[in-house]
Amino acid sequence: MTGAVGPAEGASRSGVHGEDRGVRGGLPSSSLSALRGPAVRRLLALRQDQKLTTRHVRLMAQSLEVTERTVWRWLAAAERDESAAAQPGARAQSKDRFSVTPEVRRLLALWKGNVAAVHRELTARAARGEGEPPPSIPTLHRAIRRDLTPGERAGLAGGERAALRLLIPAPPSVLT
C-alpha cells in the first residue's frame, strides 16, 4: 500500500470521528450529486470522440456510488436533452405538478392528517363548483410527503405532542 490510512485503521473517511451520517465513500451525498454533471459531460465528450468504454462508465459509477446502469441512463438522457447533462438523475420539474396549498393544509388540520377525508372534502367542493377537481389520492399522498416535514405531518395527525416527540428525544427512564 502507499501508506494511506483507511477507516479500519482509526481515521474516518469524513475527517470527523463518529460523524459519518450522510457521508458515502469519503464525500457527503451532496458532493457526489454535484459531481454527476461534470462526470456525465466528460463521458459525453469521450463518446463524441468515440473513446468511451465500459471501463470509463464502470469507474464513474464506482466513483459516484451508483450502478453502471444508472450512468448509462444518465448518458442516454443527456444525449436526448442537454439540460439532463447539467443535473443527471434529477427529476424533471413539471409546472402542473400538484403541490400542497394553504387550503389543503387547513383541511389536513381539520381532518387530523386523514388524506382520504381531505380528498373527499376536495371532491365534494369540486362537485358543488367551488374549485378544481382534486388530484388522485396517491398524488395527494406524494405531495404531502414531499411538501410537509415529518414534524408537520405528525402535528397535523396527532397534535402538538406528537410533533414534539419527533423533535425532542424522550428523556432517559428514571428507573434505569
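## Thr-70 in helix α3

Thr-70 is located in helix α3, which spans residues 68-80; helices are DSSP runs of H or I with at least four residues, numbered from the N terminus. The model is a predicted one, in which local features need pLDDT of at least 70 and side-chain atom pairs count only at pLDDT 80 or more, while totals for chains, interfaces and linings use all residues. Residues are numbered from 1 along each chain as its sequence is written, and side-chain values use heavy atoms, with hydrogens and water left out.

Thr-70 counts as buried because its relative accessibility is 13% (buried means under 20% relative accessible area, exposed over 50%, and partly exposed in between, with a 1.4 Å probe and protein chains only). Its side chain forms a polar contact of 2.8 Å with the side chain of Thr-67. Such a contact is a pair of N or O atoms within 3.5 Å; within protein, one must be able to donate a hydrogen and the other to accept it, and residues adjacent in sequence count only if both atoms are side-chain atoms.

## Contact of α2 with α3

The axes of α2 and α3 come within 8 Å and cross at roughly 110°. Axes are lines fitted to C-alpha atoms, for helices over the stretch in contact, and angles run from 0 to 180 degrees between N-to-C directions. The two helices, α2 and α3, are therefore roughly perpendicular to each other, a term for angles of 65 to 115 degrees.

From α2, the contact (heavy atoms within 4.5 Å) involves Thr-54, Val-57, Arg-58, Ala-61 and Leu-64, and from α3 it involves Glu-68, Val-71, Trp-72, Trp-74 and Leu-75. These residues comprise 7 nonpolar, 1 polar and 2 charged; Ala, Val, Leu, Ile, Met, Phe, Trp, Tyr, Cys and Pro count as nonpolar, Asp, Glu, Lys and Arg as charged, and the others, Gly among them, as polar.

## The two sides of α5

Helix α5 covers residues 102-110, and Val-104, Leu-107 and Leu-108 are buried in it. Viewed down the axis of α5, the buried residues fall within an arc of 105°, so they line one face of the helix; the arc is that of the directions from the helix axis to the C-beta atoms. Pro-102, Arg-106 and Leu-110 are exposed on the other side of α5.

Most residues other than glycine have a negative phi. Lys-112, which follows α5, has a positive phi near 55°. This residue lies in the loop between α5 and α6 (115-127) and is exposed, with a relative accessible area of 60%.

Gln-50 also has a positive phi, near 60°. Gln-50 is placed in the loop between α1 (29-48) and α2 (54-64), and it counts as exposed because its relative accessibility is 75%.

Note on methods
Angles under 35 degrees count as roughly parallel, over 145 as roughly antiparallel, 65 to 115 as roughly perpendicular and the rest as oblique.
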